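Let's take a walk through this structure together, one stop at a time.

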Amino acid sequence: MVRWACITKSPLTGTVTDSHQGGRTGARLRWAGFDGIVLRGRSETPVYLFIEDGRIEIRDASDVWGMGIHDTVAFFQARYGKKNLSVNAIGPAGETLCRYATWVNEDDRAFGRGGTGAVGGAKKLKAIVIRAGIQKSRDVDRDAWKRVRREALDTIRDEKHITSPRKGGLSVYGTNVLMNATNSIGALGVRNSQFTSFGDRAEALSGEYVKDNILVGDPTCHACPVACKKEVEIKSGPWAGLRMESVEYEPAWSLGSNCDNDDINSVAKMIDQCNDLGMDPIELGNALSMYMEATEKGWVDGEGFAWGDTQSMVEMVEAIARREGVGDLLAEGPALAAERLGHPEIAMACKGQAVAAYDPRGLKGMGLGYATSNRGGCHLRAYVAAAELGVVPGLETDPLTWRGKGELVKTFQDLHAFSDSLDLCKFSAFAMGAEEYAAQYAVASGRSFSADDVMLAGERIYNLERHYNNLAGFGRGSDTLPDRFTKEASTGGGSKGHVSELGEMLGEYYAARGWQDAVVPAEKLRQLEIP
Ligand code: SF4
């Protein structure tokens with residue numbers, strides 16, 4: 001479950017952002033002799049980094065500038081051989097500074113959110129190429145490490161957990177195991193979140209449908225037994241023969257139900273386009289659904305495009321990456337694009353970043369998590385859905401109750417901030433908590449470390465990030481949700497009639513954090529020893 005992270009100021013939000021990739025690249029960087037890379041300044045001409053045996057070289061990338069990511073990976077594999085090689089690249093979207101451009105390694109694992117690919121494009125950095133075989137760390141107590149590793153794997157494999165290989169829902173169906181669940185409770189956005197349930201049509205987008213109809217493989221990341229990645233092959237229609245990875249829940253929502261699209265083949269096609277062009281499919285789907293609503297309401301120049309028009313959607317993905325026509329507007333992201341259309345209220349975004357696949361009217365804690373995320377609308381800074389959907393045994397909580405969500409969101413944020421700093425997969429939290437993380441960190445670092453230390457370290461990280469955002473201009477009143485979620489009632493499923501009680505939840509949350517509204521006071525910084 002080893003990953004690595006890209007940390008920068010986001011071109012999409014202006015906040016701090018951190019985005020995490022699976023695959024094997026993070027481990028390979030370590031095997032090549034590095035814990036991390038700091039990139040400063042920019043090149044005048046296209047370059048890539050070549051990393052091997054403790055050396056980093058900056059090399060000319062003129063030959064691959066303009067290429068899609070799949071061709072870029074193939075180019076470097078032809079140059080350096082496939083063995084022990086990882087290629088992490090930006091695509092055309094990064095080169096044109098699309099605000100939600102990504103970095104992608106191994107063809108499909110992305111630094112997905114926050115527009116980190118545009119930072120690569122601004123630096124004219126096309127790729128990071130690493131060649132290194134497996135190295136065992138000599139710095140740890142091997143026996144102690146074997147013990148905590150075995151305990152962690154036993155916990156992940158336990159049949160009571162969703163992570164259990166070939167038995168748990170996450171392993172069998174991937175993240176898209178959630179589609180039918182969120183649909184039934186009224187937390188699945190439809191038509192740019194104007195509706196909250198996709199009715200019977202959700203089934204055709206679900207992990208169960210994918211497994212029965214187009215699944216061809218279950219790839220995994222380095223050292224992970226879960227194998228939640230799902231490789232599919234489109235069997236019919238205009239994209240027949242396309243093999244790609246992976247039809248995740250988030251894009252099945254953003255490019256599916258939220259665009260009134262129940263064609264899973266078109267969703268797979270657009271995810272593959274995102275993997276090749278280097279774009280975040282969550283932000284992309286939100287940009288498309290926003291533009292479809294603007295079209296419906298007569299707010300666009302020209303024809304626009306209609307709900308569920310998959311052909312236009314597929315064409316628009318390419319246009320956005322190249323910034324051609326309307327694509328230039330939508331490459332700015334749904335928040336800025338809606339503002340330029342004169343209707344910021346139809347962007348489902350927080351601090352400039354689009355929300356994810358959990359409607360805040362049906363999952364109240366997720367809404368608070370979006371509003372208070374330090375990187376803008378995001379489901380991963382506080383994956384409270386694990387409790388609200390009853391995924392983690394013993395943590396179940398009512399998704400429609402707002403009381404208690406302030407403390408719960410803070411706890412999730414602090415716990416995830418710590419596991420993200422170790423760069424463990426977020427899904428480890430479906431089976432493990434602070435005790436397990438503390439045991440692993442203690443062995444890896446050789447320091448005594450407790451569950452309380454885990455939560456304190458996470459709290460310090462979260463406050464430091466928030467302090468950065470405060471200094472960057474995000475002050476009082478900056479933790480918001482779109483009015484649609486707080487004023488327009490849920491239309492269907494179990495949440496019908498509900499709105500998000502954001503104001504009440506923020507009151508609880510700020511009390512738990514010791515903040516003054518969205519601002520970390522000096523006293524809190526002192527208490528946490530943040531200079
Ligand atoms: S659970 Fe899924 S995303 Fe996480 S490390 Fe394993 S295969 Fe990768």
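Start at helix H15, which spans residues 364-372 and is mostly covered: nine of its nine residues are buried. Keep in mind that you're looking at a predicted model. The buried residues of H15 are Lys364, Gly365, Met366, Gly367, Leu368, Gly369, Tyr370, Ala371 and Thr372. So what covers the buried residues of H15? The cover includes one strand, S12 (349-350), along with helices H16 (385-388), H17 (405-422), H20 (483-487) and H21 (502-513).

Now zoom out to the whole chain. It's divided into domain 1 (4-131), domain 2 (174-354) and domain 3, which is made of 364-480 plus 501-527. Taken over C-alpha atoms, the centres of domain 1 and domain 2 are 24 Å apart. Where these two touch, domain 1 puts in 29 residues and domain 2 puts in 23. On the domain 1 side of that contact, helix H2 (69-80) and helix H3 (92-95) each supply at least two residues.

Last stop: the ligand. There are 11 residues around it, and the ones that come nearest are Cys221, Cys224, Val226, Cys228 and Cys425. Sorting the shell around the ligand by type gives eight nonpolar residues, two polar ones and one charged one.

How values were computed. Residues are numbered from 1 along each chain as its sequence is written. This is a predicted model: local features need pLDDT of at least 70, side-chain atom pairs count only at pLDDT 80 or more; totals for chains, interfaces and linings use all residues. A residue is near a molecule or strand if its C-beta atom, placed from the backbone, lies within 6 Å of it. Ala, Val, Leu, Ile, Met, Phe, Trp, Tyr, Cys and Pro count as nonpolar, Asp, Glu, Lys and Arg as charged, and the others, Gly among them, as polar. A residue is buried if 20 or more other C-beta atoms lie within 10 Å of its own, exposed if 12 or fewer, and partly exposed in between; C-beta atoms are placed from the backbone. Helices (H or I, at least four residues) and strands (E, at least two) are DSSP runs, numbered from the N terminus. Two residues are in contact if their C-beta atoms, placed from the backbone, lie within 7 Å. Domain bounds come from an automatic or database domain assignment.
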